[in-house]
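Hello,

Here is the structure I promised to pass on. Please have a look at it first, and then read my notes below.

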Amino acid sequence: MYTYENWPNQFPNFDEQDETKGALKALEWAYNHYGDSLIYASSFGIEGIVLIDLISKVKKDAHIVFLDTGVHFKETYEVIEAIKAKFPDLRIQMKKPNLSLQEQAEKHGDELWKTEPNLCCQIRKIIPLKESLAPYDAWISGLRREQSESRSKTEFFNKDEKFKKVKVCPLIHWSWKEIWRYVYKHNLPYNKLHDQGYPSIGCEPCTLPAYNMDDLRSGRWAGTKKVECGLHES
């Protein structure tokens, strides 16, 4: 098996000219190779909805984890319930941090996301994901090359130095328009905040509508130098 420790010289590549731009073929290969040692970490944003539909075509009972920070929008929880109803065989885990919001406030002060956003992400997202990925050899992410400069060189299969896993990114060649075209074509439920100027949706205190549609993540941590929660940084 190809793992972080047993990294191959080359993973297979897939034709980006096919109907799903290589995504379905990449998922088929990944699930054939890793089986139940593959998990999808989803934020249930619009890319996640596309991936869930594609994953369901390959493995109906796939493992999915959602990092339930406790400060998500109510619309995010609503779309998760809609996905559970549409894809009842999926095994969706709502992973909570070890510290409740009250415990975090007592230890680090109120609204840590304002004073030390990196520490808040560490506690509420990075550590929980590390714990969730521990039993698995590989994980799926909805990164697209178009999303940002830091994601522009993402491959179908990536050596994840932060979590010491193989990171599978099936949607690397998809455009924003193609994501939406797929969702409408297949009548998939999605977070209604997308209709209100939120192309990228994270925790409520750290997410605003995008102010620059050439940068779909411009509403994340707006007014700061922070551009990533740390899940996709080495």
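This is a predicted model: local features need pLDDT of at least 70, side-chain atom pairs count only at pLDDT 80 or more; totals for chains, interfaces and linings use all residues.

Residues are numbered from 1 along each chain as its sequence is written, and side-chain values use heavy atoms, with hydrogens and water left out.

Let me start with the sheet. It is open and mixed, with 6 strands in the order S3-S2-S1-S4-S6-S5; strands are DSSP runs of E with at least two residues, helices runs of H or I with at least four, numbered from the N terminus. At the edges, S3 (91–95) and S5 (157–160) each pair on one side only, where pairing takes at least two DSSP bridges between two strands. S2 and S3 run parallel and are joined by 5 bridges.

Now to Asp-68, which sits in the loop between strand S2 (63–67) and helix H3 (74–86). Is Asp-68 buried or exposed? Asp-68 counts as buried because its relative accessibility is 5%; buried means under 20% relative accessible area, exposed over 50% and partly exposed in between, with a 1.4 Å probe and protein chains only.

The side chain of Asp-68 makes polar contacts with the side chains of Tyr-77, at 2.5 Å, and Lys-96, at 2.9 Å. A polar contact is a pair of N or O atoms within 3.5 Å; within protein, one must be able to donate a hydrogen and the other to accept it, and residues adjacent in sequence count only if both atoms are side-chain atoms.

Best wishes
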